[in-house]
Every structure is written in structure tokens, then in C-alpha cells.
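Please keep the sequence and the structure at hand while reading.

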There are 6 protein chains.
Amino acid sequence: MGRIVTFGEIMMRLNPEGYRRFSQAGRFEASYAGGEANVAVSLANYGHSAAFCTKVPAHDIGQNAVNALRLFGVDTQPMIRGGERLGIYFVEKGASQRGSKVIYDRANSAIALAKREEFDWAGILEGADWFHWTGITPALGGFLPDITLDALRACKQKGITVSCDLNYRGKLWSREKAGEVMKTLVPYVDVLIANEEDAKDVFGIEPDGNDVMAGKLNHDGYISVARQLQENFGCRAVAVTLRGSISASENDWAGMLYTEGQAHFSKQYRIQIVDRVGGGDSFGGALIHAMLKGMGAQDGIEFAVAASCLKQTIEFDFNLVTEAEVLALTGGNASGRVQR
Amino acid sequence: MGRIVTFGEIMMRLNPEGYRRFSQAGRFEASYAGGEANVAVSLANYGHSAAFCTKVPAHDIGQNAVNALRLFGVDTQPMIRGGERLGIYFVEKGASQRGSKVIYDRANSAIALAKREEFDWAGILEGADWFHWTGITPALGGFLPDITLDALRACKQKGITVSCDLNYRGKLWSREKAGEVMKTLVPYVDVLIANEEDAKDVFGIEPDGNDVMAGKLNHDGYISVARQLQENFGCRAVAVTLRGSISASENDWAGMLYTEGQAHFSKQYRIQIVDRVGGGDSFGGALIHAMLKGMGAQDGIEFAVAASCLKQTIEFDFNLVTEAEVLALTGGNASGRVQR
Amino acid sequence: MGRIVTFGEIMMRLNPEGYRRFSQAGRFEASYAGGEANVAVSLANYGHSAAFCTKVPAHDIGQNAVNALRLFGVDTQPMIRGGERLGIYFVEKGASQRGSKVIYDRANSAIALAKREEFDWAGILEGADWFHWTGITPALGGFLPDITLDALRACKQKGITVSCDLNYRGKLWSREKAGEVMKTLVPYVDVLIANEEDAKDVFGIEPDGNDVMAGKLNHDGYISVARQLQENFGCRAVAVTLRGSISASENDWAGMLYTEGQAHFSKQYRIQIVDRVGGGDSFGGALIHAMLKGMGAQDGIEFAVAASCLKQTIEFDFNLVTEAEVLALTGGNASGRVQR
Amino acid sequence: MGRIVTFGEIMMRLNPEGYRRFSQAGRFEASYAGGEANVAVSLANYGHSAAFCTKVPAHDIGQNAVNALRLFGVDTQPMIRGGERLGIYFVEKGASQRGSKVIYDRANSAIALAKREEFDWAGILEGADWFHWTGITPALGGFLPDITLDALRACKQKGITVSCDLNYRGKLWSREKAGEVMKTLVPYVDVLIANEEDAKDVFGIEPDGNDVMAGKLNHDGYISVARQLQENFGCRAVAVTLRGSISASENDWAGMLYTEGQAHFSKQYRIQIVDRVGGGDSFGGALIHAMLKGMGAQDGIEFAVAASCLKQTIEFDFNLVTEAEVLALTGGNASGRVQR
Amino acid sequence: MGRIVTFGEIMMRLNPEGYRRFSQAGRFEASYAGGEANVAVSLANYGHSAAFCTKVPAHDIGQNAVNALRLFGVDTQPMIRGGERLGIYFVEKGASQRGSKVIYDRANSAIALAKREEFDWAGILEGADWFHWTGITPALGGFLPDITLDALRACKQKGITVSCDLNYRGKLWSREKAGEVMKTLVPYVDVLIANEEDAKDVFGIEPDGNDVMAGKLNHDGYISVARQLQENFGCRAVAVTLRGSISASENDWAGMLYTEGQAHFSKQYRIQIVDRVGGGDSFGGALIHAMLKGMGAQDGIEFAVAASCLKQTIEFDFNLVTEAEVLALTGGNASGRVQR
Amino acid sequence: MGRIVTFGEIMMRLNPEGYRRFSQAGRFEASYAGGEANVAVSLANYGHSAAFCTKVPAHDIGQNAVNALRLFGVDTQPMIRGGERLGIYFVEKGASQRGSKVIYDRANSAIALAKREEFDWAGILEGADWFHWTGITPALGGFLPDITLDALRACKQKGITVSCDLNYRGKLWSREKAGEVMKTLVPYVDVLIANEEDAKDVFGIEPDGNDVMAGKLNHDGYISVARQLQENFGCRAVAVTLRGSISASENDWAGMLYTEGQAHFSKQYRIQIVDRVGGGDSFGGALIHAMLKGMGAQDGIEFAVAASCLKQTIEFDFNLVTEAEVLALTGGNASGRVQR
């Protein structure tokens, strides 16, 4: 098993219970999550030594974020303490025709205001085999683009494999700004992950003829996007998640891995959604695991898609599944029978 | 935006948590609702000045009903204080083949025992553009048929538009009694709303060939019913909700607006039900909004059906949606994607 | 109405709230259930005098198991007090592709360590018309096979009808041991119930060509299995439940009753699952009721399947339905409309 | 152990969680209780055959009241089904200087509207040793004074011991009406229980010089009241509970039993209140148990006071203690140490 | 009854359930509060027309803050919509020797970043009799000192009475900065409120010889402080709250009103604390009510102290009591007896 | 900071919510705790490297116990996976005169059935400065006395300091058996901890003249017991906790450390109990910290008593306090004021 370091923001997630709307919430369920932290949890669950790097305030709420990761065995050594606040996001779970809703309150978080000199990348990356980040990290602004670049350069020096999930967030930066920054960072990436709209938003690359709203998936378009991403940035592999939103309660879910000039499409799952937030992150975590274990491309994309299918049947962001559970699904047991 | 007054009963609603049956309920979730109060909340959410008129006891439970409406900005000035009790209804949420169950404990409520002289309709209706009531109000018995008639006459004098949802309740009065009373009240109604069975129960008018249990919808039958209602009572418009119950968990939902000799059918939605109680009321509230805003007949019925589709994805009776959310659905975004 | 005695283990069931996984559970909902206790509750709900026999510890947790049955009117007189512990099982509810999970912690329970002389079968069976047990009871080991045999012999002497649900549990005993013991007990059985896999696991009898994982149902195979069971053990009737697992959230459900050389297949229901645990037990309880009421074979299997369909829309193991609710479903009202 | 029948109303009790006020309650905890039902539960917990007689509606909420008593082993055979509603009362728990608050919604309950001919007292009292009622029962009005008298006469015929808790409720009847009715019923009573104010409210008999608000207890006054009650109505024994309210969170609690011309005062307890509702009922239940067991007067009053002290450390109305737990307290173990 | 406008910040309050520490919180109870909003709620509960002025974001969380005030009848017309975030504070309830803990996350809230021109004080104060603010408002920084000054000048012009609670918050500004700013604002104040330490922190004025930690109260010291405050700033009245912390669970509570050269000390209450946050605000709200009603100085301070005593027996910040409940306590009923 | 290894059992703790009795529990709060695990958590909270050694089953419930310790930063490397079950204990929280109640269901747990060869003490104790165990560990029976002895011998070889809490559990072994086994193990102990009754139960050594039930503390008696323990077993230090149970809601709490022939008594605290379970363990954890930090004897006992005082204001077994919080209390801040 390898050692993976992921880098980004961890926030407090607050959601009303069940299907209550924000305006009906007298209580919020509190969890702690973030794209890269979610990946670290997935990898710890698969048995890897997974570490998470960020900055959180030195108070009880910041400590809760640390504890939430320790609970699942993530190495929290690289979490820096300081700053004023932990970012927060509010999640309202949708149902049927009513989509889920996310309100971010993440500005001025400890990590968003962190300084370059706070990160000793040589030390943080000591012994690491893999480094994972997402497009959200530099989007936080401040010195984050530079800090991310520092990390990537250290990875290159140490020969550490780098993966990135494009993850465009329009609330954090404009498409122009995103494209500009990401063009300097993605060249360091070996394995690039994108959901349906990221490639277009960040780099203007489109999956031709794909009508996301209608839930139809166009294989050729996805291959074309992946090829362009690979050609532009020299990534070893490009992975795409393919979501077909039938309603907030029911989604189709599949994925494609493009590597060595070959596209590998996974089986498609129809999911009765429990909580779709973190679906993409669980895809990334599972793909990294598949690659670290040396699964072939087809097996790897099947593993990543099955893992992220299961995530969406689990509450909150973290994908709390074992490798065995994912393999049972890729092995054909999708009928949800009782395990006694 | 207009000023709307609605008139009827508000009750305490008690439901076990989640899908628990009554016999499994150690706790009840408490909310406060009623057909006309629900309409007032919808209209307040759309930005109107909506007032609710009823009578509630002058104790803490009665005050809770007032507060529940103030929370969403309803004007509670016309709520009279007095009497002994607030009506209660118990709701058990169904699932799949097990239907939902409602037990009413509303007899002898403050409003049911109210007297004519307690209602100063000239004052209550001051500045109002629209008055809404349902067939439940006179069904409460006592002086309510007279009080309702007083209100309707005052509306006529002031030139206030009147809408009514037939809403037959067999537990409150017989078909005969309902027909007799409603025949004296419906002539004052400009906009008449009915669900599938009300026209038949109250006035003996049937949607020919419609098999409600089988979930099939017969367009011609509905038009015939609407035309009869319009002809009998001189309503400007008749609106019908069309529910196809596949199971307690899944319903088809559509509507029809008949006006100026023309029937306008809406799009049909397949709904994964969160809570269907209040669906019809949210249809009424949205239809009134559409009419006050001057939407055309087709846009109006689409708005009303989309709004009431969304209601059924929301817990408790109130339809907590904004106009923008409804328009997003009528505009085609039914896939329930995450709004970030 | 008859008097029925059921015999087996009752355990504490602990499940996380909603769809939380075990690793997310800060709270467990506690209920008390077991195959034979579940049948007793069903029968008490249908109006019978139903008694449950087991042994529970003489402390508060043991008393809770007694109380859980008294709540629904089961006669708990035959529950012996003593021993050290009540068995426990943990249930994690699945969704979509993620199956439910059960962890048993039942070894060394009071009943599992009970002695023959503690059971005065003549007294326990006094006035009984029917005795029900399942294959789980002897599988508990210790003296349970002997104790069960004692009970069955007493039934034979008194002319009490005996029903049994094969219910193979691989965690409790091997297929070989199960077959060996059950061969000595099933000859006393008048009405034998099996789910899809029990006949094969216990007696090596297979429903030919039935692919359980794929959710397809093969009628001929089931008839063949039932005929073999009847021929081997001389049962008056053999009943089979037919589950098609589409996912953890959606199942097809039907049943077959084989009696007097004739197979009677029920209607099939597609169920949106609320809680499938106890589904088979509710089938057994309803079948016994149908037989005690003298329903014909077709009506009986329809009643049993409808009852157990409804169970799966109800939280926890007990089937909290009345005869009237089941008859409404067999009568065709499957659309889940609101009962007001 | 004896057989006791108690007669009165059972209601649904709804209280907000913890110390929330009514205006903060989004949820209510539901339990089922009433003065005489509470006594029946106490007696069932002490091992007696305790039956409860009332009338509850034949719907799920009425059945919940039945189940709540069955749960603790009360014989619910004498509970008549019919009528429209179960009475409800709302409880808001006080703390410190803020007193608890109770809102009753019990008018027109099934029992309040019951008819004389519905009660077959010969059958209900079959095999009974003791009959218990309270002043609340006739206060419900309608035919209840007559029905209570019917019961008392039947008791006299059968030689059944009768106990009564005066329990004056000003919301139900005036002092004049109470005095008038109770004067016809109390002559049948062998054991009369009163809290501090009942004797005065109902019969105008006062505990001289007792300042209830200040929490001071005047022994002579209580003896004088008890003697008057005994002399006026010929009761064998009169028991008085002595509450000193320091605050809503802390009370002093003691009792006095006057019998054979002798007053027996108990030890006094300072109670950190968990839930004081039902305290008086638990005193009555324990006193009946003490008398049925033949404890002497001093032991009996100590038992009754200790039992009702413990009740006030327990949530909801029922006193869920065993005889052994009460005896441990009367035996001197009041330090609340952990029992392992 | 008068019209009162209060001005300040409203935040989301998040606290773990019961006595759980932050590190044990999987859920947070959400409420919305702030010093000046709390005063507005108190005044609305006493029957006044109370309005609250602030700025909240135009999203669902901001709307929740509006709704929380509407629920209790506060006029939310003067709440401006805009900005990015609602301030948040986390509350951990203490017990016994463990003090409560508050973590603020309020920087960059909508109100903290508000601009002068957003506040039309002439309009906001239209018809107002009283204006209330606290030292927290200017402490928020940005333009708040100026905006507060604008409001105070408008009050002077309109002859509106002004009250202020010094409320020093060391987390928001230094003592020096506070003193400097408050010296320009307090001269506009007619009624000045301070807890034990504010006068010292803000203006360096000390209650001589008072040992706050030891819970002893020194009357002369308080009078001396009040006289100094009055002399320095020309206030008509100075009110002081006197808290004696025995433990986190038990406090002594009293107050003093200094006016017309006379000190009026209230009765002292020993409080079993339910939630002490908001205690000072409820004192202020009650004092304003007493003055608006024309109670004399002694009655006024008794009313204010009794009201704020009751607040501390109520969960969350708002003081949900009526005038009648406060008067019952000042009238001597402190024993917390049940109100039926 | 040092490295500490603790060794013993960790169980699932299940308690009803709030003050509900077992018979009222529809839900249980689940936590994971045990005497030695609790000590490890305390030490991790004080900043030490604390590891816990035990054996837990390799299923989700066993993993939950691992996670519960990881959450607070305990090193779970020495936790062996295997065996069938995790021990369980049920806790019912007492109040006032009603004591708390604990029901154990721990027989046949993974650790109780563990084998000697499963424990590689050389590896487990690698780098350790301190080893802690309690009398519960050998009381579990099986090979545990031997395994404990193996550990103690390894400690002696490595020069690791050993502490032990006598912790007699009568449910696990007899006094005779306890004395016999502990006499072979305690000679390895450097720091011995006992509560009031352990010394007597295990070794027959009594604190003369101490009446535990009455809550009186006899200093001379404790010194005499400590001196005997030290003389008999050669311990460097003996620590005693002194609990005075006023009621289940209120306790006095103090401690004594006897070392170098000198007795050091701590300050005494009157505690409003939130949860007293784990109080003794938190005393041990804090005492070890004090000794590792080199605090003097008086400071050490003050620290240990203050820490364990705070524990009893915290829900569940773990003492979730920091060193700073304890020092604030020993420094005199016991008034529970709000920390903002």
C-alpha cells in the first residue's frame, strides 16, 4: 500500500435533517469534508497511508475537522493550526424535481489566508508516492495558486505521481481566472479527473453533442475531450465521470478512463440517491487506489465507478466503503441483498 | 403584488418521524397547517401581502399556530383569539403500497364554534384584492356556512376576486349537506379549484371514464366536468388537479385550467413523494399568484402544477418555494441537479 | 380466532438511524425481534391469542423484550426468566446498490443455553391450536434441537397444527448440521415455509433454473421444490416466498402456496423498501392467519404476500398491519392513496 | 398479590423535548397517562394484576393508549372502544423559578361522553380486591358521576376495598360542584388520598397554618385535616402528600398516613426534579401496594413516599420502579450510587 | 404600547445538544440571536411594536434570521438584504465547574461590512419612541461606529429615547479602542446598562471592592460606578446587572437601577441555569418595557431582574416570557409550581 | 511528553437518552469506552503519545471501537483484530435519589478470550515510558491474568513505570479470586490507584471509620489504607479518590496522594453530575500526566482531582479536557463563567 498526500480545504458541512429545507432547519447535522479530504478518507479506507494537508484554526471547531479525519485513520500530521475560521458550507438535500442546494460560507478561512512559508513541502511529502489536489485549492485565492505550485514542483523533484480533479467552482473564481491559473498547474498532473462540465468551464474544451440536462451520454464527445486534455497537458491518464440526472432522487452514473490512446467505459449504474455530495471525490479516491494497486484500465474505471456509485448511497461526503465492498459490486452483486 | 385574505381553519399537525406508523410513534413532529393557511403561506413566499383569518384559542398552543404563519411572513392580524381548542390532525406517512393515513381531531375547535359577529369582514377585507376559501370552511359546521356567506357578500360589494377549492371532506359532512351549502356559496366564486373527486362528491358531476385508482387520466372527462362547473356557477375559470397514484411513494401529477371555453393542460410530472399533504393547496396558491401576476392560462397552469409538484418534495403542508424555483422547473430544469 | 404459540429467540435489534452506516452511528434505534416473535406479533395484530415462548434474562434488557411483545398484545406468559444475556443483532439499512448488513451477537444468549427441563410443554401448549417455529431455533445449538423436538412431540399428542419456516442461517450452523437436525424435526410440520434459498441450503433441494441474483422468477422450479419438500416430509402445504432484488431500495415480491398437488401463485408487487427485515416472518404470520380463518389456498397466498409486502414498507421487524389493511391491498388498492 | 381495577381517563400527553417552552417545540414527546392509569402501572410494576377501565376511540391513537398500558403489563380488557377522541394534555417542563405548565384539551373525549350502560361493573370488577378512582373521574362531567357511583355500589356489594385520590381540578369543575358530587361518592371510600390543597378545594377543610408557597410543613394542620376527612366520610385511612416547592427544580417531599386515630409522618426527601407530573399518583399506587402487602402504617407511608420520590426522578407520568428499588430507598440508600 | 427600534447584528447560533462538548457534537441546534435582536424579541413578547435593523445576506441562511424574528412578531422591515455571510457563534453549555464556551465566527458578516448610505435612519426611525443599541454594534468595526452615530443623531433630532448596553467584547476590539469610540456615542444615551465588568473595560470605571469570582456583591461599589457613568455621560438612568457565579449550573442574579440620585436594588434570585446566554439582553428588554409602561424605579428594576432570571431558565438567547409571567415572579411566586 | 501504553477491554456503551430509564429507551446513544481506554484518551488529550492495547472483532462494530479512539488521537496500532464480539454495557443515568444503573454484557468478548501468544509485548511496549492497567483486566478471566503478568514482566525488563487502578468488579470475580490474582500482579505496580472500596474488596484493607453511604470522609482512615497498600506491595505512590454521594445528581469529590510517607489531600469539589461514569479513570489519566510532567505531589493530586471533577460534567466516559482547562480549575476558577 502506498502513501498518499492530499492538499486542500476541509470545511464544516451543515445540513438539515432528512429532506428538510433550510427554512425548516432547527438542527443541522455537522460533518467535516472537502474534495481532497474526502479522497484521503477513501484511500485510508482502502488501507493506504493517507495524509491530508491544510490549515485549520487552533480552536475546538478546527480540532473537530482534525478529529473527523483521524476517526477514519487519515494522518493529520500535515494539518497546520492557525488562522481565524474554518470554512462552512450548508447543504440542503433535494428530492425528485427539487435539486439539492449548497450555500458556501468559506471566504477568509484559515487555509484561504495561509502563507507560502507555512508549508514545508519537503517534509510534508516525505515518503509519499502520490499527491492529490483539486481545482478548488487554487481557486481559494490568496497564495493558494503559488502554494499549490510549490507542492507540485516538490512532487516533480521527488518523482511523486500527481492527480488532480479539475472541479471548477464558479462561486470561487471566473472561468478566465481558472483557465489562466490551471494552465500553469495542470502540466504537473499525471492523472486528470473531470466531471462533465469542468473541462469546458476551465479550458473551454467541450464534450461535443452531450446534453447533460437530458441525461444522455455521448461516448464520442467524452473521448474527444479526454484526448484534448491529454494532448494539451501531457497527462498519462484522463478520467471522466458521466452523470445522468433523472431527478434529484435518481441518477445514472458511469465513467470513462482514457489512457494510452484508449477509452475505457465502465458499466452504468442507476442510483437511488442517498447523498450525492462527494460522489466525484470518491471516484478520484477509488481511481488512485486502482492505479496504486496496478489494476488494469478497464478494471480501474469499473472500480472507480462502482466505488462512487456506492458513495451516493451513503450519507455525508465521505465514502465509507471497503475495497471488498466495491469489488462485490464490480463483481456483479448489485441487487442490494442483505449481508448476514 | 396584491393583498390576499384567506379564511379557514388552522390545525396542529402531528406526524411520527419518518415512515413510522402511529403505533411506533414515541415522538410527533408538530407543525401547523390548514388548506387556506397553506395558500396564504404560498402567496407570502411569492411576495404578496397575504393575510389569514381564523379563530384560535388564547393559549400557547393557539399562539404557536399564529407564530407558524408569522414565521413565513403571513399577516396574522385577522386571527381572532378565543375558544377552547385548536383542531389537531395526525398524519402517518405511507410508502409504496401502504397509503398515508390521516386522523382528524378537529371537532369543537375555536373556529368551528365561532360566531358571526366576531368577524368584521369590512375591516378584514380592507385593501384586499383576492379572497380565498375552501369547501372545508363551511363543512366545519356551526355558523361557518353563514360566516363564509358574510365574507363572500362583502367581497362582492368590494369587487374582490374570490377563489375556492371544493375540497370535499366526507368526515365533516355528507355529500347531500355539502351540495346544499356549497350551492349557495360557489356562485360567488370566480376561480374554482377541484381535485379529481370533489366535483362528484359535492355536486354529483363526474369526470367521465376516469379510473382514478388505475392512475390513468382522461382529458375529455376533465374538460366536461370543468365546463359543467363553469356553466352551473358562472366561474371565470375552473382548475383541476390530476393525480395518478402509482404508489404512496410515486405519483404522476398534472393539472388543467379551463377558462374562456378553452382547456389548458399542463406538463405531467412523475414525483418521488416526500410529503403529499398540502399538494392541492400549493396548487391553489400558485394559481392565484399566476393570475395576480397576469400570466396567461397555459403559463398559469404550468406554474401551478410545477409549484405543487415541488411541494410534494417538501416535508409538512407548507409549500416553501420561491417564484424563481418554480420558474426554473417550468423552464425545463427538472433533473434535480445541485445548485451551488 | 385461535390460540397460537410460537417458540424461538427474541433479540435486541440495534440499527443506526436512517441510512447511516455502522461507522456513522452515534445512536442506535432499539427494537426487539426474532423470527418467531415477529410471527406472534402478526397474529396478535390479526386478533388471535398469540403467545411467545423463549427464555430471557431477568434484568431490565430482558424485560424490555417482554415489554416489546406485551405492547402489541402478545401473551408473554411462556417467557422464562433467567440466563445472562439477550442476543443482539445490528442492522445497517442498505440503499440502491448497497445491500443491508446484519451483524449478529447472539451466542450464549439465555435461550441458546436453556435446558430441556425448563420447558413445560404440556402447560405452554395448553389450549393451543397452532405451534410455529423456524429453523433458527434448533440452529441456536445447545439443547435447542432436543427442546424443539419435545415441543413437536407434545404438539403431535395434542393434535396441534405445526408450521415451520426453514430459515437457514449459515452463521449458526453448517448446511450438513442443518440438514441432519431438520430431517428429524420437519416430519412433524404441517405447513412448511421457505424462502428462495433455504430448501437448497438445508435439504439440497433446488428451484431449477432460478437465477436469484438477476431477480427472475421461475415458476416451474418453485413447484418442483415444493413438491419435493411435501413428498419428503409429508407436509400438508408448502409455501414459498419469491423475492426479486432489483436493488436494496426496490424489490419484487410474490409467493406460492403448494397444497393438494396444486400450486397457487400470488400477484407480484414491486416494493419501495422501507425495511425488509422481517418480511419472511410476516408472510408466515399472515399465512397462518389465512389458514386459521379458513381462506382458500389462492386467497391465503394473496393474503400472505400482501401482508408481507406491507411489512416491507414498515420500519423494524414487526408487521404492524391489521387484517383490514391487508385485505384492502389484496382487494386491489395498491396505489397508496391517503386514508382520511 | 391482589387484583386491582382502576377507573378514569387516559390521555395523550405531549411535551416539548427537555426544557423547551411550548413556543419552541418543533417536536413533542408522546406518552399516555392519567391519574388512575398511572396507579395501575405502579401496581403492575409491583407485581399485581392491575386492570384499567376507561373508554378510548377505536382508532390508532386510541389504540396507542391501550398499548402504552399493555407495555407495562396492565390488563386492558376493561377498556371500552368507541367515541371520537382521546383527551390530550400538553406539558411544558419548568426549571428553577419558571414553573411547569399544563394545557388540557380533554373535553368531549370518549370517556367524558361515555354512557352508563356501557359499563358492566359486575364483569369489570370480577375477582377484584381493590378499586381505585380519583376526583378527576366524576369531574369529567356527563354521566361520569353516575357511572362512578355505579362502580362504587358494585364494590360495596362485592366487598371490594375502595381508594380515592381527591385530586381537585379547577379547570374541570367548580369547588361547589366538586363538593356536591364528591360528598355522594367519598362515603364509599376506604382509603382517601389528598394533596395539600384538595381537601380545602373540595370540602372546604383546611390544613391550618400551612403556608404552601413557602414550602413549610405544618404537622398539626395536616393531622387536623385528616381527622376531619375521616370523621366526615368514615374512611379507614387518610393519606396526605406534603410537597414543599423550593423551585421548579427542587422540591421537598413527604407524606402522612392517618389511621386508627394515629398520624404517621414519613421521612422527608429533597428531590432534584426530573418530572414531577404523576408524583401524587405514584404515591397512591405505592400506598395501595403497601396496604395489600400488609405493611404497617409507618412502613406503608415510608414506602409510598419513597416510591413517589423516585417517580419524580423519572420522565413522564408512569412510576417505573420495582418494589426492590423503593425498599432500597426506604432502607436508607438515598445517595444515588451506581448499581453495577 | 410604544414602538422600539433596535440596531445591531443577528447571528446564527449553533450549539451541541444538551451538555455535549464541541468535540462530541454530531448535530448542532440552530437558532438566531444577537444582543439587540434579543431585546426586540423581549419587547415584542411584552406587546410592543418592536423592529430590528441590521443587514443580512439575501440567501436562505440570511432569510432564516429574518424568519426567526418574524416568528415572535418582530417587525423585520428595517432588515437590509445583501452582503455575503451571516455571522455565526458556537455555544457549548457548561455545567458545574465547567464553564460555558463561546466561539465567534462573525468577521466579515453582512452587517460588519455595511455602508453608511444603506441606512435611511429617518425612515427606519419613523414613529419610534425608543432606540436601543449595544456596545457590540460599533465594536463590529468598519463603518459601524459612524452608522451608529448617524442613528443616534437622528434619534436626538426626533426626540427618541436611547438605551445602550455597554457589553464590552474583548474579541472585537481593545479596551482603548472601545473607550475612544464609546465616548463619542454614549453621550446620546438616556438609559445605560452595564454588567459587572463593562464599565471597567470600556471606561476604566470600577465597582470598588467587588470580587466577581467569589460571587460576592458589593452594593456601594455598584452605586459608585453608576454615579460615575451618569455624571460622565449625562444618562438619565444607569442599570447594572449583578451576577454571582456559584458554578456554571447555579448563579445568583440581581440588579440595580440608579436614577435621580437614588439606587434601587432588586431582590436576588438563585437560578438553576438552563441557558444563561441572553440574560443581560433580557434584562435590557424588560427594563425598557418597565420604563415605557411607567413603572417606578423599584418596580422597574424588580421587573427587569425577574424577567432576566426567567430567561436563564429558557433555552437559547430569546426571553420567551410574557409580562404576566414576569409579574407572577415579582409578585412572589418563585416556587415553580405547576400551572394547570 | 511521554509514550504511554494502556491495556484492557474496550466496550460499546449504550445508554438511553437523557434521564430515561432502560424501560423507556427506544434509542441508545452509542459510545465506546473502558477503564484503560479512557485513561489513554485522557493522556492523548494532554498531548502525550498514548496507545491502547486490546483485542476487538474484525467487524464493523469492532472497528467502531478503534475509530472512537482514533478520533481523539489514541494510537490504535496495538489493537489486535479477531474474536467474535465486542463487550457491551448498558448505562441508565440516575438522578436525585435514583442511582445510576449499569448492566454488563461483556462475557466472551474478543479480549476476554484472547490468547497469550497474540500479544507481542516487546513490540507493543517499544518506546513506552509508562504502562497502565486496571484490576478489571485480569478479572476478565481466561488467560488475562497471565497476559497481564507477561506485560508487567516486560515492563520491568524495560524499566517502564507501571500504574494500576484496583477497580474491583464483583460481577467479574469474587473477592477471594481477585485478592489471589492481584497479589501476584500488584507487586509490579509503581503507582496504585483505588477508590473508596477497592482496597477492602480486593485486599481486605479498610479505611477505618469511613461511612461511605453518608458521604463523610475520614482522612486518617485513607492514610492508613494507603500506607498499608504501599507497605504490602512496595508501590512508590498510592492515590485514593474520595467520593461523597449526596445524591445521584450531586457528589463531593476529592483525592489523596500518599507518597514518600506523606499524604497530600486535594481541595474538595461539589459536583452537579452530568455523567459520573469514567470519573475514576480520568483521575488516573490526569495523575499519570501530572507525574510525567514532574508536578509535585500536591500539585499532582490537585490536577488529578480537578480533571476528574471536570470529567463528571461531561457526557460519556471519556474526559475531553485539555491541560489548560484543568489548570484553570486548579488555579481557582471554579465558578463556571462563560469563556468567550
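This is a predicted model: local features need pLDDT of at least 70, side-chain atom pairs count only at pLDDT 80 or more; totals for chains, interfaces and linings use all residues.

Two strands are taken to pair if DSSP finds at least two bridges between them.

Where the two chains meet, strand 3 (residues 27–33) of chain B and strand 3 (residues 27–33) of chain D run antiparallel and are joined by three bridges. Within this pairing, F28(B) has F28(D) as its bridge partner in strand 3 of chain D.

Strands of a sheet pair through backbone hydrogen bonds, either parallel or antiparallel. Strand 9 (residues 161–165) of chain B pairs with strand 10 of chain B in the parallel sense, over three bridges, and S163(B) has V191(B) as its bridge partner in strand 10 of chain B. In a regular strand the side chains alternate between the two faces of the sheet. Strand 10 (residues 191–194) of chain B has V191(B) and I193(B) pointing one way and L192(B) and A194(B) the other way, and all are buried.

In chain F, attention turns to strand 11. Strand 11 (residues 237–247) of chain F is mostly covered, with ten of its eleven residues buried. Strand 10 (residues 191–194) of chain F pairs with strand 11 of chain F in the parallel sense over four bridges, and V191(F) stands opposite A237(F). Strand 11 of chain F also pairs with strand 12 (residues 250–259) of chain F, here in the antiparallel sense and over ten bridges. A237(F) stands opposite T259(F) in this pairing, so that A237(F) faces V191(F) as well as T259(F). A hairpin of two residues joins strand 11 to strand 12 of chain F.

The helices may be considered next. Two packed helices are described by the angle between their axes and the distance between the axes. In chain C, helix 9 (residues 279–292) and helix 10 (residues 297–311) pack at an angle of about 145 degrees, with their axes 8 Å apart. Helix 9 of chain C passes helix 10 of chain C in a right-handed crossing. Helix 9 of chain C contributes residues including F283(C), A286(C), L287(C) and A290(C) to the contact, and helix 10 of chain C contributes residues including I301(C), F303(C), A304(C) and K311(C). By class, this contact of helix 9 with helix 10 of chain C has nine nonpolar, five polar and one charged residues.

In chain D, helix 10 (residues 297–311) and helix 11 (residues 323–330) pack at an angle of about 105 degrees, with their axes 9 Å apart. Because angles from 65 to 115 degrees count as roughly perpendicular, helix 10 of chain D is roughly perpendicular to helix 11 of chain D. Among the residues that meet are F303(D), A306(D) and L310(D) in helix 10 of chain D and V326(D), L327(D) and T330(D) in helix 11 of chain D. The residues of this contact between helix 10 and helix 11 of chain D divide into eight nonpolar, one polar and three charged. Elsewhere in chain D, helix 6 (residues 175–185) has A178(D), G179(D), V181(D), M182(D) and L185(D) as its buried residues. These buried residues of helix 6 pack against strand 8 (130–134), helix 4 (136–139), helix 5 (144–158), strand 9 (161–165) and helix 7 (198–203) of chain D.

Two single positions complete the tour. L229(C) belongs to helix 8 (residues 219–233) of chain C and counts as buried because its relative accessibility is 0%. Leaving aside residues up to four places away in sequence, L229(C) touches L192(C), A199(C), F203(C), I205(C), G234(C), C235(C) and V238(C). T54(B), in strand 4 (residues 49–56) of chain B, likewise counts as buried, at 0% relative accessibility. The C-alpha atoms of T54(B) and E9(B) are separated by 6.0 Å, although the two residues are 45 apart along the chain.

Terms used:
Residues are numbered from 1 along each chain as its sequence is written. Chains are lettered from A and ligands numbered from 1 in the order in which they are written. Side-chain values use heavy atoms; hydrogens and water are left out. Axes are lines fitted to C-alpha atoms, for helices over the stretch in contact, and angles run from 0 to 180 degrees between N-to-C directions. A crossing is left-handed if the near helix is turned anticlockwise from the far one by less than a right angle, and right-handed if clockwise. Contact means heavy atoms within 4.5 Å. Ala, Val, Leu, Ile, Met, Phe, Trp, Tyr, Cys and Pro count as nonpolar, Asp, Glu, Lys and Arg as charged, and the others, Gly among them, as polar. Angles under 35 degrees count as roughly parallel, over 145 as roughly antiparallel, 65 to 115 as roughly perpendicular and the rest as oblique. Buried means under 20% relative accessible area, exposed over 50%, partly exposed in between (1.4 Å probe, protein chains only).
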